[in-house]
Amino acid sequence: MPTSVPTSIQDNLSRMGDVERILGRIANGKAFPREIMQLSRALKLIPPVKDALYHQGCDAMDGLLGGLKDGGALLNEIVRVMDPDPAAALGKGPVIAEGVDEELDELRAMSAGGKDFLLKMQQREAERTGISSLKISYNNVFGYYIEVRNAYKDQVPPEWIRKQTLVNAERYITEELKEYEEKILTAEDRIYAIETRIFGALIARIQKDIPVVQANCRILAKLDVLAGFAQQADERHYCRPVMDKGRALDIKDGRHPVIETLMPPGEEYVPNDIHLDTDSQQIIILTGPNMAGKSALLRQTALIVLMAQTGSFVPAREATIGWCDKLFTRVGATDNISRGESTFMVEMLETAMILHNLSSRSLVLLDEIGRGTSTYDGMSIARGIVEFIHEGGKGAKTLFATHYHELNDLEGLFPRVKNFHVTVKESGRDVIFLRKIAPGGSAHSFGIHVARMAGMPQEVLQSAERTLKALENSQALERAGALTPVTPHSVKEGHVQKDGSLQLSLFQLEDPLLESLRDRLKDVDINNLTPLGAFDLLRSMKEELGL
């Protein structure tokens, strides 16, 4: 059982963010200030991750961590230049830290402390001139000004310049006030220009170290994947698979890694064994009811093989897997109407691609091949595919899920084809899905039961059951040699073909119309039926039969 990764490792990795995306924006010169700070946080988290995983007795891990380059110089430069909490973009607030540029600090102080400067200037001039009512204000016509009431205009210093005369006061400007006005009005533009220059220089500095940071990102990404593998293996009780050069696939108590996490409380995923090899059990024909778990079994087999070959533990009790060069799947139903390709055409195209690219180390998973066309066509194609994989498929291991129960006969024709089915338990009209596979084929799909579970109208279900019974009985008679094959028309019209002729049977009533006539006859009271009533009954029955 694997040892879980320390939570602090995954916490640190999760806080690094998408550094590779940030590097891409830096390379294009489009990075935002907060992205630069995220890069600095990622660089700061590398040493604790490295220290926590070093010297764990794993040479491979130590070798991986040994490739991490020191980013201390770049981190120090970012911390020195950037404000700890920068604005989202240049011009939206402080981006560069204090102390980086003297002029920038002065402009910020001036911009932030403008009111204090004006208040101090007003107090100083009032004390110097003795004009207690003096005040400094601003308007859009000529900017900052000093306003003096007419009672004190004789005390105005000669260096003040009069700009406006009012009824009760006069307004003046000074050289000092105009200089301050020019600084305060241009401070924001100047701040933006200085921050843009310094930020651009920092971006250029980071761009030089992009290859080093990218190399670190690749190592950290591998660590992140491995940490996820370890956590999942520990929490879900995965096993360590045996990977060898053999050609066998042997899984004991395999589970679906996703579905088992979605099971309702109190329920557990039913595990299954799968064995495939190139000598005795190359192809498994898997039959069973709808919703019994055939598709889930195919997908879990593919996922277990894929997880094992990526270096992960797998959801099983034991697993011995000979490496695969290709993993082919044909599951689901899609179409491409814009290109004139039907669902069946897409299925055939994908299957053809699989059959043309098989090798002895391929794993093939086929789900319901041939269902998009007529029963006989689909069954014939499915049979041909199995035969091709067995005879000319170079030993490709194959799981073939199907509802064509006739394919079970292939086990007796081809030595490496084996039949398995998903077991169920019937209780009256109810079916319990046991989700366990067992040797041998299955002769039922329980499609009507699934339709009942889906809420299909009762009239539809009753009609379907009658038709199914008629078809099953006719097939049984056909196999016994009593009848020639029954066509859908003969079943619908209540006829049976015998020696090439059509004959109405009142003794084997599988047709809904004949069953209705039988029920009418049962309800007739012969003792009280008049000749005219019998005549009318016979005539109406002939009309219903179309005679």
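Analyst: The account below starts with the helix pairs and then turns to the sheets and a loop.

This is a predicted model, in which local features need pLDDT of at least 70 and side-chain atom pairs count only at pLDDT 80 or more, while totals for chains, interfaces and linings use all residues. Residues are numbered from 1 along each chain as its sequence is written, and side-chain values use heavy atoms, with hydrogens and water left out.

Helix α3 spans residues 33–53 and helix α8 residues 175–208 (helices are DSSP runs of H or I with at least four residues, strands are runs of E with at least two, and both are numbered from the N terminus). The axes of α3 and α8 come within 12 Å and cross at roughly 40 degrees, where axes are lines fitted to C-alpha atoms, for helices over the stretch in contact, and angles between N-to-C directions run from 0 to 180 degrees. The two helices, α3 and α8, are therefore oblique to each other (under 35 degrees counts as roughly parallel, over 145 as roughly antiparallel, 65 to 115 as roughly perpendicular, and the rest as oblique). Their crossing, that of α3 and α8, is left-handed, meaning that the near helix is turned anticlockwise from the far one by less than a right angle, whereas clockwise would be right-handed. From α3, Pro33, Ile36 and Leu39 meet Phe199, Leu202, Ile203 and Ile206 of α8 (contact means heavy atoms within 4.5 Å). By class, the residues of this α3–α8 contact are seven nonpolar, no polar and no charged, with Ala, Val, Leu, Ile, Met, Phe, Trp, Tyr, Cys and Pro counted as nonpolar, Asp, Glu, Lys and Arg as charged, and the others, Gly among them, as polar.

Helix α3 also packs against α5, the axes of α3 and α5 coming within 9 Å and crossing at roughly 140 degrees. The pair α3 and α5 is therefore oblique as well, and the crossing of α3 and α5 is left-handed. On the α3 side the contact is made by Ile36, Met37, Leu39, Ser40, Leu43 and Lys44, and on the α5 side by Leu74, Leu75 and Ile78. This contact of α3 with α5 has seven nonpolar residues, one polar and one charged.

Next come the sheets. Strand β3 is joined to β4 (169–173) by four bridges, and Thr165 has Glu170 of β4 as its bridge partner.

Another open sheet of four strands has the order β5-β9-β6-β7 and mixed pairing. Here β5 (242–244) and β7 (272–276) are the edge strands, and the twist averages 15 degrees from one strand to the next. Helix α10 (294–310) packs on this sheet, touching β5, β6, β7 and β9, and its direction makes about 115 degrees with that of β6.

Finally, Gly67 is found in the loop between α4 (59–66) and α5 (72–81). Leaving aside neighbours within four places in sequence, Gly67 is in contact with Asn216 and Ile219.

How values were computed. Pairing = 2+ DSSP bridges.
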